[in-house]
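Student: I would like to go through the labels used for this structure and see what each one rests on. Can we take them one at a time?

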Amino acid sequence: MKHLKILLLLLCVASCAPIYVNHDYEKSVDFSEYKTYNFFTDIHSGLSALDEKRLIAALDAKLTAMGFQKTENASFLIDIKSDEFQENSRNTVGVGLGGGNRGIGGGISIGIPIGQANVNKRIVVEFVDDSKMGLFWQATSESGFKPNEKPEKREAKFVAIVDKMLENFPSETNK
């Protein structure tokens, strides 16, 4: 029952606010060499401490489900960065005023924004191999963010973001 609630909550969050993800990777990497992971000890994610824990827990769960193992002597390390930005409201009401006489006319029109600016969060997850080539895989997500959401919704949002980020890892050409 608990899993059903989480799944429904995840679907609701995912359907309400789209998550856009871009991937980039080093094309010469042999992804089959990487079986273990860990996180950098000095992550400055830009997230609150609680949100950082939620994101790390979601990454741990997804990577473990994919067959990776978290160890102290890992084959790659994970770094997390994030920032927030505001997107202007795209909803406007147009107001116009015009007039004319005998073939001569003029008018003024303005758009009045409706609602508040949308707050979006950009999260960057990087996989780094310090022993060989450094950064070899990166995913950047952008999605709507509501600072006053309940912890359950925040957790579900981070699970959805991680699922979307890792859906094509490793890259299609290197599987």
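Student: Why is Asp60 called buried?

Tutor: Buried means under 20% relative accessible area, exposed means over 50%, and partly exposed is in between, with a 1.4 Å probe and protein chains only. Asp60 has a relative accessible area of 18%, so Asp60 is buried. The model is predicted: local features need pLDDT of at least 70 and side-chain atom pairs count only at pLDDT 80 or more, while totals for chains, interfaces and linings use all residues. Residues are numbered from 1 along each chain as its sequence is written, and side-chain values use heavy atoms, with hydrogens and water left out.

Student: What makes the pair of Lys70 and Asp60 a salt bridge?

Tutor: A salt bridge is a side-chain nitrogen of Lys or Arg within 4 Å of a carboxyl oxygen of Asp or Glu. For Lys70 and Asp60 the N to O distance is 3.5 Å, which meets that rule. Lys70 lies in strand β3 (residues 69-70) and Asp60 in helix α2, so the pair ties together parts that are ten residues apart in sequence. Helices (H or I, at least four residues) and strands (E, at least two) are DSSP runs, numbered from the N terminus. Lys70, at 40% relative accessibility, is partly exposed.

Student: Which residues are linked in a network of salt bridges?

Tutor: Asp51, Arg54 and Arg154 are. Within it, the closest N and O atoms of Arg54 and Asp51 are 2.7 Å apart. These two both lie in helix α2, three residues apart, about one turn of the helix, and both are buried. The whole structure has nine salt bridges.

Student: How do you know that Glu33 and Lys132 form a salt bridge, and what parts of the chain does the pair link?

Tutor: Their closest N and O atoms are 2.3 Å apart, and the pair counts as a salt bridge. Glu33 is in the loop between β1 (19-25) and β2, and Lys132 is in the loop between β7 (118-129) and β8 (134-144), 99 residues apart. Glu33 is partly exposed at 41%, whereas Lys132 is exposed at 55%.

Student: Why is the pair of Phe68 and Phe76 called edge-to-face?

Tutor: Rings of Phe, Tyr and Trp (its six-membered ring) pair if their centres lie within 6.5 Å; planes under 30 degrees apart count as stacked, over 60 as edge-to-face and the rest as tilted. By this rule there are 15 aromatic pairs. The centres of Phe68 and Phe76 are 5.9 Å apart and the planes stand at 90 degrees, so this pair is edge-to-face. Phe68 is buried at 12%, and Phe76 is buried at 1%. Ring pairs join both into a cluster whose members include Tyr25, Phe39, Trp137 and Phe169.

Student: What makes the side chain of Ser45 a polar partner of Glu52?

Tutor: A polar contact is a pair of N or O atoms within 3.5 Å; within protein, one must be able to donate a hydrogen and the other to accept it, and residues adjacent in sequence count only if both atoms are side-chain atoms. The side chains of Ser45 and Glu52 are in polar contact at 2.6 Å. The Ser45 side chain also reaches the backbone nitrogen of Leu47 at 3.1 Å. Ser45 sits in the loop between β2 (36-39) and α2 (49-65), and at 2% relative accessibility Ser45 is buried.
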